[in-house]
Amino acid sequence: MTLDDWLRRRLTPLLAVIFAVWGAYMVYMKFRLLHFGLATDDLFNYVNALYNTNFWDEWLFSARYELLRGAPSLLFNHWQPTLLVLWPLVQVGGAEALLVVQALAPLWAAVFLLKIAEHLGLKPFERLFVVVVCLFHPNLMAAIMDSLYGFHGTCLLLYFGAPLAWAAVTGRYVLAFVLLLFFLNVRENAALYVLGAAAGWIFFTNPFFTTRRQITIAATLAVLAFVGGLIVAPRLAGVVHEHAAHAESVLTHPVRMAHALSHMDSDWHNLYLWLWPGLAAPGTLLMMIPESVILILAEKKASHWYGMTLVFIGALAIVQGLPRVRAFAEGRGWGRALTILLCLHMAGIAIAGPKEVRGQTNKLVSRIGYYVPEASKINARAAIDTKCRTAVELQAMYGFGDLPYLQYPRQAMVSKYIITIPGLASGLAQIVESRKADLKVIFRDDHLTVFENPTVPCVLSLEAYREGTG
């Protein structure tokens, strides 16, 4: 009996166990970080913007970005209207709902990865290999954990991109068109993956297109979304798209590009090394290249949230490339050696991914984690006017996500109220210490101190803020 024969009847229950254990582990880790006030930064950008959305005159409004970047909506930080599909989840489940959405995104994507692998004729062992590499890749697991950030809207690229890839490969073109619209509006960088897929088909071929007409439609929509989100929408709103401006400044300065390339983070090497069978499918692997180049030149890490989509695309390349690697090896009598190598690869990555998450989590919890009891947050909240601008220490953010004018800690002195953690060494503590003569303590217990800023109005306007800061 061959390994594939043995797996043919056991693959489904084996994958069910892997999915259950992996999902439970990641949900636990994300909630552990939240418990210690660490998974709070970007999480509460999104939670707060979704709480503030009324579908009338406020769409993804974030007071943190209003003052920081003059943006009336997260739509002008990144073009992300698809984020609105999460509105009902936040209303029902709050911040925890978004943590679960991000934690389970790879499992959703892996289901469609399996469907694609089966459609393309991969054997059971090869399907198992693809799923294990995708789920346990250290860059993906680190991106899903997202440490201090908690949640990022790019996880929706998996929720819409995985079924989009499956629909395209299996010829469900109407469904693919609908999913493409949602995918492109998750974030402007989604267009880079579509354009990369189009280039991959033209230069090498891949399973996502069958005609040039399909490529023309997909590429046109991608360009429209990219230009509309980065240029047109911000100009209509009278704001500067910070990320577009940063990318432009890098791409137009060769010296900066050379510096970025020479200081490339080592995570980029690890990203591609774990995906080596995908090199046999350059038409699919090319989907990763445009986004990777932009991120490397912008000096970003592949282990941040970007890693989610990059690893999934790499897994799609493995689906197409692994049969070619197998055919090459068996043609030279190396089939058994390849199977052993792939088993070692799975074992290594199954250890490396969880170890990365566990190590980072323990390091963060021990260094800067802080648990604030629910009673302290309730009492602190009762001491303030919740309609006013309120700056909250990141480790205490949970419980204040629905405040209409929730501010970053560094925005303390333009806020009416400031909520700090006594004894915690942080930037907010330094701000408060330097200005404590101007502040009034209105609540204090062992875990939180609430200051009122008497000279600041309840809601300092953007115009007044700009005049005050020059």
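**Figure 1. Strand S5 and the side chains it directs to either side.** Thr449 and Phe451 point one way from S5, Val450 and Glu452 point the other way, and all are buried. The model shown here and in the other views is predicted. Strand S5 pairs with S3 in the antiparallel sense, over four bridges. Within this pairing, Thr420 stands opposite Thr449 of S5. S5 is also joined to S4 by four bridges, and these two strands run antiparallel. Here the bridge partner of Val441 is Phe451 in S5. A hairpin of four residues connects S4 to S5.

Figure 2. In general, strands of a sheet pair through backbone hydrogen bonds, in either a parallel or an antiparallel manner. Strand S1 (residues 390–392) and S2 run parallel and are joined by two bridges. Ala391 has Gln407 of S2 as its bridge partner.

Figure 3. Helix H7 covers residues 156–169, 14 residues in total. From its first C-alpha to its last, H7 reaches 20 Å, close to the 20 Å expected at 1.5 Å a residue. The helix is mostly covered, with 13 of its 14 residues buried. Gly171 follows H7 and has a positive phi, near 80°.

Figure 4. In helix H15 (residues 289–297), the buried residues are Glu291, Ser292, Leu295, Ile296 and Leu297. An α-helix has 3.6 residues a turn, so residues three or four places apart point the same way.

Figure 5. Most residues other than glycine have a negative phi. Leu60 is not a glycine, yet its phi is positive, about 55°. Leu60 lies in the loop between helix H2 (41–52) and helix H3 (63–69). Its relative accessibility is 0%, so Leu60 counts as buried. Thr205, also a residue other than glycine, has a positive phi near 85°. Thr205 is located in the loop between helix H9 (190–203) and helix H10 (212–237). With a relative accessible area of 39%, Thr205 is partly exposed.

**Figure 6. The whole chain, for orientation.** The secondary structure of the chain amounts to 20 helices and five strands. Along the principal axes, the C-alpha atoms fill a box of roughly 80 × 45 × 45 Å. Of the 470 residues, 53% count as buried. Among contacts in the chain with a separation of 6 or more, 75% are between residues 24 or more positions apart. The chain exposes about 20400 Å², and carbon and sulfur atoms supply 63% of this area.

Notes. Residues are numbered from 1 along each chain as its sequence is written. This is a predicted model: local features need pLDDT of at least 70, side-chain atom pairs count only at pLDDT 80 or more; totals for chains, interfaces and linings use all residues. Side-chain values use heavy atoms; hydrogens and water are left out. Two strands pair if DSSP finds at least two bridges between them. Buried means under 20% relative accessible area, exposed over 50%, partly exposed in between (1.4 Å probe, protein chains only). Contact means heavy atoms within 4.5 Å. Accessible areas come from the Shrake-Rupley method with a 1.4 Å probe; for residues, only the protein chains shown count as cover. The expected span of a helix is 1.5 Å times one less than its number of residues.
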